[in-house]
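Reader: Could you take me through this model with its local geometry in view, giving the criteria as you go?

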Amino acid sequence: MELQAKGHTFWSEIAPLPGFSYEDIDDVYFWLDQNGRGVEQELHLNKNMDEADILAKAPPSVQFGISTLFHSLRAWCEQKPLFQYLNPEAQRGMPVNATLGFDTPEKAAQKVKDLHRKGFRTFKLKVGKDIHAECDLIQHIKKNFPEVNIRLDANRAWDFRQAIENLKLLEHFAPEYCEEPLSNPDPESLAQLRDNTEIPLAADESVRSPNDVQKLISQKSVDVLILKPMLLGSVTIIREITELAASHHIPCIFTSTLDAGIVRLLTAHLSAALGSPGYACGVATGSLFRQDVFSDEHFIIDGRLQLGTTSEPDRFFESDPRRLNL
Ligand SMILES: [Mg+2]
């Protein structure tokens with residue numbers, strides 16, 4: 001999606017993720033068809049587009065796309081990169097995590113070695129298939145790279161009893177946290193599990209709105225929130241969530257939802273501005289794409305975000321050999 005204004009082109013994407021987003025791409029086209037003109041009429045620089053009635057009723061991915069375009073335009077008018085416009089205190093650098101698929105311990109150790117050489121120090125591992133093999137894998141990684149930080153994501157694989165048993169086995173490795181351990185992730189069950197494990201628990205799929213976050217906080221269900229902007233909506237809603245979490249000392253970690261380059265870059269800016277400093281964000285997923293508009297290497301250097309100037313992403317489009325023609 002592009003917006004031409006003030007002699008510049010601004011970019012965003014609306015990319016609902018099948019199986020995760022409530023809406024699908026047909027819903028998005030229908031909404032845009034019905035409301036496209038109304039959005040154009042509402043677009044004023046001196047009014048926060050996120051608060052327009054028309055956008056408040058849009059599906060989250062539509063809200064995200066239109067809101068980030070609007071804020072990119074405003075940032076440009078202030079001659080600031082998006083992250084700095086959103087938070088004048090924000091730093092352009094922030095650690096990024098690498099994600100490992102399930103592999104043999106030897107293969108995984110080789111991957112960690114390569115990624116470690118590229119500067120990554122936080123590694124996210126999917127668990128939930130074969131706990132003993134997963135423990136062997138983590139043990140192998142920790143033996144070879146004792147200083148690396150391990151994050152786990154169980155993607156709702158376990159019932160309550162399995163979660164207690166498996167987290168007990170994983171405690172030994174002192175992971176940073178485990179995402180979505182429970183197949184039935186109601187806030188009460190998560191709170192009960194939290195009382196029975198030393199591993200901090202993180203909510204990912206369970207976070208769709210400020211209301212969800214309020215429930216998780218009031219039930220003391222989680223230690224960490226994983227935020228996927230495409231599933232949440234406008235920048236204003238995302239900021240509401242991060243402010244709510246911060247007021248309860250719960251860190252927020254931004255990650256992409258298998259998004260292409262434009263959204264990964266926007267998520268990186270949101271992370272630098274609104275994410276919790278010191279926690280690696282999860283935007284290094286570009287290698288999963290065979291073709292893309294531009295690759296991660298433009299904004300992730302030495303395992304850290306390196307966000308630049310207001311001319312992003314235009315200069316990335318031009319210089320990337322893997323780019324698609326837009
Ligand atoms: Mg997850």
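Predicted model: local features only at pLDDT ≥ 70, side-chain atom pairs only at ≥ 80, totals over all residues.

Author: Residues are numbered from 1 along each chain as its sequence is written, and side-chain values use heavy atoms, with hydrogens and water left out.

Reader: Which protein donors does the magnesium ion have?
Author: Donors are N, O and S atoms within 2.8 Å of the metal (3.2 Å for Na, K and Ca), and because water is not among the atoms, sites may look incomplete. Along the chain the donors of the magnesium ion follow the spacing D-x25-E-x24-D. Lying 2.1 to 2.2 Å from the ion, they are Asp-153 (OD), Glu-179 (OE) and Asp-204 (OD).

Reader: How many residues apart are Glu-179 and Asp-204, and is Glu-179 buried or exposed?
Author: Helices (H or I, at least four residues) and strands (E, at least two) are DSSP runs, numbered from the N terminus. Glu-179 belongs to strand 7 (residues 178-179), whereas Asp-204 is in the loop between strand 8 (201-203) and helix 9 (210-218), so that the pair links distant parts of the chain, 25 residues apart. Buried means under 20% relative accessible area, exposed over 50%, and partly exposed in between (1.4 Å probe, protein chains only). At 1% relative accessibility, Glu-179 therefore counts as buried.

Reader: At what angle do the axes of helix 6 and helix 7 cross?
Author: Axes are lines fitted to C-alpha atoms, for helices over the stretch in contact, and angles run from 0 to 180 degrees between N-to-C directions. Angles under 35 degrees count as roughly parallel, over 145 as roughly antiparallel, 65 to 115 as roughly perpendicular and the rest as oblique. Helix 6 and helix 7 are therefore roughly parallel to each other. The axes of helix 6 (residues 131-144) and helix 7 (residues 160-171) come within 10 Å and cross at roughly 15°.

Reader: Which residues of helix 9 and helix 11 make their contact?
Author: The axes of helix 9 and helix 11 (residues 235-246) come within 9 Å and cross at roughly 10°, and these helices are therefore roughly parallel to each other. With contact meaning heavy atoms within 4.5 Å, the residues are Pro-210, Val-213, Gln-214 and Ile-217 of helix 9 and Ile-237, Glu-240, Ile-241, Leu-244 and Ala-245 of helix 11.

Reader: What separates the C-alpha atoms of Met-94 and Ser-271?
Author: Met-94 lies in strand 3 (residues 93-95) and, at 5% relative accessibility, counts as buried. Leaving aside neighbours within four places in sequence, Met-94 is in contact with residues including Ser-271, Ala-272 and Tyr-279. Met-94 and Ser-271 are 177 residues apart along the chain, yet their C-alpha atoms are separated by 8.5 Å.

Reader: What is the phi of Leu-258?
Author: Leu-258 is placed in the loop between strand 10 (252-254) and helix 12 (261-274), and with a relative accessible area of 52% it is exposed. Although Leu-258 is not a glycine, its phi is positive, at about 50°.
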